[in-house]
Structure formats: structure tokens, C-alpha cells
Amino acid sequence: MPHKTFFAFILPSLIAMVLFIALPIVSVVVQSFHVEHGRILVQVESCQPFGGCTTETRVDTAAMAELREEQPMGRFNGFGTYLNRGHLAVDEIGAILANNNGIGDIVTRIYNLPLYKALAFTLVFCFVVTPIAMALGFVIALAVNTVPKMVKGPVIFFSLLPMIITPLIGSLILYWMIQPNGIIGANLRVLFDDPTLSLRQSPLLTWLSLLFYGVWTNAPFSFVVFYAGLQTVPADTLESAMIDGASRWERIRYVVIPHLAPLATFVALVQLMDNFRVFEPIVGFSAEANATSLSWLIFNDLSGDAQLFGSAGATSVITIIGVIILLSPVLVRTWREFNHKVV
Amino acid sequence: MAQIRLKNVSKRWNNFIGVDNFNLDIADQEFLVLLGPSGCGKTTTMRMIAGLEDITEGEIWIGDRLVNKLEPKDRDISMVFQSYGLYPNMTVYENIRFPLKVRKVPAGQHHERVMAASKMVELDDFLQRRPAALSGGQRQRVALARAIVREPNAFLMDEPLSNLDAKLRVSTRAQIKNLHHTLKRTTIYVTHDQIEAMTLADRVVVMSKGLIQQVGTPMEIYDRPANTFVASFIGSPAMNLVHGEIHNGVFTGDHIRVDGLSTQVNGPVTLGFRAEDAVLADSNAHIEAPIYSVELLGEATMISMRVAGELVSIKVGKDYRAEIGDVVRVNIAPSACHLFDRSTGQRIATAG
């Protein structure tokens, strides 16, 4: 295809990408360098007919409105927001490192900083949920591939349900089920003979139920992709493996998995990106006391009374950088392979 | 050592009959070729022997074991596929070693056996390559090496040469023949190419529509085809088949009159003769017809004409020249003529 034709072909989507993706990102970056205006205070002397005069300090609303009008983004703060306690907390970490009682103390204290707390859960969610969900999806795909044609349709439908359900609803359903009076929560109490057992109160159990939910909702995507991939495994190669003496597991190990490896890279990329932005289950589970994520921090900044656009912008930029770091090994590998093939 | 015996073997899918009541004894060390057009059931038969396809009815014995219910890996056979079936993520060496690895052959023997197999198919220079970096012929040799490395009792080959170009087909064919001679293993070979069947086989099984048409050595099948199907399938060009009537040893049809045939047969028959059995004549010829086309083959010239509604080809010397429309006179030796029943197509046995 000539370059000109190709360019004309993708121009509409290019425009859309610039308008709806690139420009907003630029605006977020710019916003993250600004912070809300400080309050302008005025000394007002109010005199009363009989009490004499008192001076009061008040917020000068008129002046502030004028200031907002002039500089709607707030005042320029440089990297101030990035470095403050709510974000990278450079000073606090310096203090912790300079004065602490050993590794355990360092970890606990750093974990108490909001960004690091959120980052901890986000990363754990990414690296626990992605591989388990992929493995589960692969196993489901293998199983569905062997069931008779008659039941294949219904089985596929049920396997896809977690993906069809809106994430917020799905997490709410599971949340209600694990409540002390929900079906899972109540049964767990009976099972462990512990009337005070509550999944919500224990940070560990909250994490576990969030991870469980993550695997449950992520598995169908892997399943769909791997199931499609399984249909393209060459029958000749599978059959020659059968005759060569490979067991079912060895056929999967030596024929199916190598065949699906490029697909697995793709799934891992998509899932990692998705899971790094985990959000709905935290809201659905009302888990913010025990587990927060980067996306939840952004949401929290914007949803309160004081809308902290600068702070939300900084967290967003950090999230974007995180995604890039997360994907870079895979991208570098793909790039190398691409170059390798050309040569 | 493996004789393979098929007893009343059938394969049906709902109403469709793939293979019908197949009976055959394959001797130890025999090279047996299953020959037939696409869809005749030859590959299905082989896949049933391999265990890749269930048997609807009947028994398959390999050696003294009934293998109907055995997994493919437990039948002690190896197979070469038309599209190679190599493992694309492994090197040639690993491909050949794979059967030893999954069968838990002691690791100490692997290298020696892989090298021996690769030497037999001349792959020594390619052992570290992956299948994607090999030509079709090299890939098929990898598949052959993988089949022989385990030294099974029987080899099954499913149209192994079909994906190769004409020249490579000839050399690989010779290689397979030589391997069979060296290894002395029972080999079952599926093909639709009658030249492969003729050149490779100890015995050929000609199949059509799931039924065995004829079993015999290549020469038997060539010289005495059991019916018009075999006659029209074997040989290049295929046997000429002409419909007509026979009375008192004289066959007559449009443009054709052959005498000196068996006097025991009377009535409507199909006369068959091969292109190379016809000779040009001067007068009083058996066939006298205008030329329909002339094809120069290099080593000979093929002329064809319309006789009794059929296009008949005869082979003449390479120096023969004639124009389309010229009248040609041809004689056929009565001993080279085959008679077939017109309605059933079966060969009519004649004395001599």
C-alpha cells in the first residue's frame, strides 16, 4: 500500500486518537504541575456600635474568584505535587531511611504512605491475578475443547459470564455474598466455627477476596483467546505427537503451549495493563480501608468536596509511567523479535 | 516382527461408509501400498491401523496383539504425515529425539540413535535448524528420521511425497525404498499416485469407495486388472476401454474390429488394451479412425482418436508425424486385450 493511501486510511482514527487520548494526557500532565490556589486572607475590622472594634481574618472570596478567573489551573507548583507526602513522599522516605528500626520498620512505615500503599496492592493484584487467571483460562479452554459438541455452547456461555457482568455489579454480588450474613460469609463462620470471622475486617482476607474476584473476572478473557488459539493447533503435529508416544500432558507441554506462546504474550500484555488499573472491586467491596489502588487514589482525589485536580493528575501520570515500565520487557522483546525476523 | 491383520474392518460415520468390510493380511517386512483416488478410504484405513480413528466394526491385529482398543502410542508403529507434523519450536535434532524422550528411552542412547537416524536420511548438516528454515524435502526427511529413530515394528506413511515437487518426489521415493530395504520393517504406504505404488510396493491394494478392488503385486495389477476401475486407474496413460459386442471371438464396435479373441464370451463387453500394446498397421487394421490429437512426449508420441465414442490413446515411435484428421490404422495383439463385463465392470477370465 502506498504511504499516502495508508495515511489517508488511518487519518480519521489518528485524529480521534489525538483528540481523545493524546490531548487529554497532555492536559493531565500540565494539570499535575499545578496546585490549587492558596486562600487569600484579608484582615477585616468590624466595629460594632457598642462593643468597640475587633479585627478578623477572613477569606477574601471576591479576590479568590478573580484569581481563579485569571489562573483557572491553579498556581504553578512544578514537581511539588509529585514529591509531597501524598505521592512519592521523597522527604518522608528520606526520613524513614535515615532513622529506623530495621527493615520491618521501614516497610511498615513506607506502606503507611498513601501512594506506596496503593502501589503495593496494585502490583500484587497485577502479578498474582494475571498469571493465575491466564492459567485458569487455559485450563478452561482445554476442558471446553474436549467436551462433546452438545454441551459446548452452554459451557462456553457460563465460562464467559464473569466477563459479561458489569464489574461493579459483579464485585457487589461477591461482596454481599462474603458479608457475615451472606451465603459465603455465613458458611465460612460455620465452617471455621468462629462467629466473629469477617472477611472485611482482616486485611489479608480482604486482599484474598479481591484477588479471587480478579481471577474470576479475568479468566474468561484468557479462556476466549486461548480457546480460539486451540482451534488452530495443527492436527498433524498433535497426531504425530500421539504416535511418538506423548501423553496428553506432554502433547500440551510440547505442542499446544509452544503454539499458543505468542497469544499468551498478547493476553499477558492486555491483562497486565487492565489489572494495573484495578478499581471497581475496591469500590464494590468497600475495601479502601485495607486495599487501595492507584486508580482508586485518583477517584478519591476527585470525588471529595475539595477536588484536587493537581494531585489526581500527578497520580495519573505516575500510573501511566507504571504501565510503561510494566510493559517495557514485553515491548522490548517484541521489538527485538521483529528486527530479528527482518534480518 | 509385525504381521498386520485386518478382519472385516469397517468405518462408518452415521450413514456414510468410509471403509467397508476390509480384510487383509500384511506379511512381516512387506511394503504394502494402499492406492486409490481421494475419498476411497485408504487414509481412513491407515488411520485406523495407527489408532487415530476408531473402528466401527472388525478387528485389527498387529503381531499377535488385538489393538482395537490400544492407544496409538502403545501400538509400536510410527507414522509419516503428508504435511510432516513436525514440532516447529524444536530444532531438527530435538524433533528426531522427541519419541525417545517421551518414551523414556535411557538418555545415554539418545545421541547415538538420533545421529544414526539423521545419517540415514542425510540430515547431518541441518540438525541445529528449526523446521521453518528447511525446504519441503528436508522437512519430510526429518519426519522420516523421527519415524525410524525409535525402530518400531511398522511404518505408516500417509502420502508423504504429495507436498514435494516432481524432482524431489523421485529422489525421496528412492530414499524410502532404500530405507525399507535397510530397515526391513513392515511398511504401509498410502498414495493416490499409481507410479509411486508401482515403484515402491511389494503388494498394492487398489481401493475405491471404501472397498478393496484388487490386491496384488504391481505387475499383476498392471497385467491383469480385476475390473475396469483398476484398469482405468493404473498405468500412464490409463488402459483404453472400448464398449462393443463380442461374437465368436470377434469384437466389434464403431471404428474397431478385433478378431482372434476368446470364443467362450458372447454379448456386450468392454475391451481394454494399453497404449503401448497397439502397433501401427498398413491395411486390414483392427482400428481405423481419424486422429483426434497428437502429443509429443519426447521419448514417444501419443496419438488419440475416437473409437466407439471413447477417446483411445496409442503410443507410437517418437519419429512418427501425422496431422489431426489423418486416418490411422492400428493393430492390437489379441493376447494384449482384456475383456470386462459391460454391466459389472468385472474382468472376464479367458484362457490365455
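For chain A, the UniProt record, in an unreviewed entry, lists "domain: ABC transmembrane type-1" at residues 119-330; UniProt positions follow the numbering used here, feature names are shortened, and annotations may be inferred rather than shown by experiment. Over residues 119-330 of chain A the chain is 80% helix and 0% strand, with end C-alpha atoms 21 Å apart, where helices (H or I, at least four residues) and strands (E, at least two) are DSSP runs numbered from the N terminus. This is a predicted model, in which local features need pLDDT of at least 70 and side-chain atom pairs count only at pLDDT 80 or more, while totals for chains, interfaces and linings use all residues. Residues are numbered from 1 along each chain as its sequence is written, and chains are lettered from A and ligands numbered from 1 in the order in which they are written.

**Annotated spans of chain A**

**Domains of chain A**

- The domain assignment of chain A gives domain 1 (81-112) and domain 2 (113-342), the bounds coming from an automatic or database domain assignment.
- The C-alpha centres of domain 1 and domain 2 of chain A are 30 Å apart.
- Eleven residues of domain 1 of chain A are in contact with eleven residues of domain 2 of chain A, a contact being two residues whose C-beta atoms, placed from the backbone, lie within 7 Å.
- On the side of domain 1 of chain A that touches domain 2 of chain A, the elements giving two or more residues are α3 (80-83) and α5 (103-111) of chain A.
- By class, that side of domain 1 of chain A has five nonpolar, four polar and two charged residues, with Ala, Val, Leu, Ile, Met, Phe, Trp, Tyr, Cys and Pro counted as nonpolar, Asp, Glu, Lys and Arg as charged, and the others, Gly among them, as polar.

**Contact between the chains**

- The contact takes 18 residues from chain B and 13 residues from chain A.
- On the side of chain B that touches chain A, β6 and α2 (92-102) of chain B are the elements that give two or more residues.
- That side of chain B has twelve nonpolar, four polar and two charged residues.

**Nonpolar core**

- The largest nonpolar core has 138 residues, and those with the most contacts inside it are Val33(B), Ala145(B), Leu156(B) and Ile188(B); such a core is a set of buried Ala, Val, Leu, Ile, Met, Phe, Trp, Tyr and Cys residues joined through C-beta atoms within 7 Å.
- Helix α6 (residues 114-146) of chain A gives the most to this core, with twelve residues.
- Not counting residues up to four places away in sequence, Ile188(B) touches Ile26(B), Leu32(B), Leu34(B), Met46(B), Ile49(B), Ala154(B) and Leu156(B).

**Strand pairing in chain B**

- Strand β16 (residues 287-296) of chain B runs antiparallel to strand β19 (residues 327-332) of chain B, joined by four bridges, where pairing requires that DSSP find at least two bridges between two strands.
- Within this pair, Pro290(B) stands opposite Val327(B) in β19(B).
- β16(B) also pairs in the antiparallel sense with strand β17 (residues 301-307) of chain B, over five bridges, and Ser293(B) has Ser304(B) in β17(B) as its bridge partner.
- The hairpin of β16(B) and β17(B) has four residues between the strands, and Gly298(B) in this hairpin takes a positive phi near 100°.

- Most residues other than glycine have a negative phi, and most peptide bonds are trans.
- Asn14(B), in the loop between β1 (4-13) and β2 (16-26) of chain B, has a positive phi near 50°.
- Asn14(B) is exposed because 5 other C-beta atoms lie within 10 Å; a residue is buried if 20 or more other C-beta atoms lie within 10 Å of its own, exposed if 12 or fewer, and partly exposed in between, with C-beta atoms placed from the backbone.
- Asp76(B), in the loop between β5 (65-66) and β6 (77-80) of chain B, has a positive phi of about 55°, and Asp76(B) is partly exposed, with 18 other C-beta atoms within 10 Å.
- The peptide bond from Ser236(B) to Pro237(B) is cis, with omega near 0°.
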